[in-house]
Each structure stands twice: as C-alpha cells, then as structure tokens.
Amino acid sequence: MSHAILYSFRRCPYAMRARIALDYLGRPLQLREVVLRDKPAPLLALSPKGTVPVLQLPDGRVLEESLDIMLWTLGESDPQYWWPRRAAAQRLTLDLIQRNDGAFKHWLDRYKYADRHPRSQQWYRAKAEPWLDRLESMLIHSGWLLGATFSLADAALLPFVRQFAMVDRPWFDGHYPALAQWLNRWMVSEPYGRIMTRFAPWQPGGAVTLWPNG
Ligand SMILES: N[C@@H](CCC(=O)N[C@@H](CS)C(=O)NCC(=O)O)C(=O)O
C-alpha cells in the first residue's frame, strides 16, 4: 500500500479538522467518503467503534481519533509551526481542543437539534456563549487564536464554530464580529475549498480517489 487511506465524511467537523491537517501535509492519500448510516465493512474492520475520521497509514498503523491524525501530520512536517514551539502555547492548544470537544460540542449539538431536546434553542445557545465570549476575546487583537499565524488550535476549532454559526448566521455575526471574521477568512481560503471538495460515497471495489492534488 503506497498511499494512506482516509475514511472521511465531508460535513463531519472531526473529519474536517483531520483533512485540514492532511491538506497541509499535502501527501496524496486515498479518500473514502463514508455514508454514516451505511458504513463500509473495511472501515468497521479497521476501527470497530465506527467513527470518522480514520486514517490507515501505509505501514499499517491505524489512527482513529481526529486529534491523533492532526498530531501525526504535524510530526511528519510542520513548516509553518502549527504546533507551537512554546510549552505554554502547546498546553493552551490542547486545553482549547479538550474544551471544544467536551462542553462546547455538547451544547452545540443541543443548539443545532433543539427540537430533539427538552429546552429551547436559545437556552442551549446561551450555554455555549461563555465559551464563544472567550474565543472572541482571543481574536480581538489577532487574526488567529494563538496570534498572527494559523495554528493547530484554529484547525481544530474552526469546523465546530462553523457548525454553530450556521444555525443562525445573522445572530452569530451580530454577536461575535471577531469570530465571524475569523470564520470568513478561513471559509474563503483555498485550503477550505480543497477540504470541502464533494466526493461520491466510496464502496468496496469502487474507484480510487486521490486527495489532495489527486
Ligand atoms: N473523538 C472522535 C469523534 C469522531 C466522531 O464522533 N465522528 C462522528 C461524525 S461527525 C461519527 O463518526 N459518528 C458515528 C456515527 O454517526 O455513526 C474524533 O475526534 O475523531
């Protein structure tokens, strides 16, 4: 096997953050677009927990957590220092990711699908606001979360904030101008266009899609 294989789902924020990092690495891999309600058997054989993203490396290693995939790519090559050099910034990055994937993701899911939960949409939105306030204050004086340049923290959090913003874009843009600008800057970028390319679902024995620059 010469290319790595990525099991992915276009709109999944975890798969998006993995693709951001893999696009930065720039090595063509086989991208297998998955239908979550009909997961292909080879994915489940590799990773029985059945979540995406999953990356199978040419040496056979399997990475089945988005953060592991991002950290693996940065260990391979990181010319723009997405992984910060200072230990304090490294700790802050991992802390931001943990809080994003924990409490923020919890409230995001309820805000997005409030009709499936007992409280109102505004109630769930208010639960997420202290976190968004914190991110907004981090972005007031700099273009990216950790300063002047894009880093792992941006790659890991942007797909989740995008989902939140898209529930009610006018409300979000009105309340969080710095976050809205951060999101826009990313969503008009070339890397965003590449990571959001649409692919037909993969089936065992189906066509091979090389991505990026396939
Ligand atoms: N902790 C995992 C979470 C991945 C995850 O939950 N992905 C969702 C899609 S966004 C998934 O595959 N869910 C399984 C399903 O819907 O069947 C990671 O960081 O990779």
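**Pocket lining.** I started with the lining of the largest pocket: its largest share, 3 residues, comes from α4. Helices here are DSSP runs of H or I with at least four residues, numbered from the N terminus. For a pocket I used an open set of points on a 1 Å grid over the protein atoms alone, with protein on both sides within 12 Å along at least five of seven lines; lining residues have an atom within 4 Å of a point.

**Ground rules.** I'm working on a predicted model, where local features need pLDDT of at least 70, side-chain atom pairs need 80 or more, and totals for chains, interfaces and linings use all residues. Numbering runs from 1 along each chain as its sequence is written, and side-chain values use heavy atoms, without hydrogens and water.

**Pocket size.** I got a volume of about 410 Å³ for the largest pocket, taken as the space filled by probe spheres set on the points. I counted 20 lining residues, with Lys 105 among those nearest the centre. Two or more residues each come from α1 (13-25) and α4 (87-112).

**Ligand.** I found the ligand in the largest pocket, meaning more than half of its atoms lie within 2 Å of the grid points. Its surroundings include Cys 12, Tyr 14, Leu 36 and Thr 51 (a heavy atom within 4 Å).

**Polar contacts.** I looked for N or O pairs within 3.5 Å. A ligand oxygen is 2.5 Å from a side-chain N or O of Lys 39, and a ligand oxygen is 2.9 Å from a backbone N or O of Val 52. A ligand nitrogen sits 2.7 Å from a side-chain N or O of Glu 65.

Technical notes
Polar contact = N/O pair within 3.5 Å; in protein donor to acceptor, adjacent residues only side chain to side chain. 1 Å grid on protein atoms, 1.4 Å probe; cavity = no way out; pocket = protein on both sides within 12 Å on 5 of 7 lines; lining within 4 Å.
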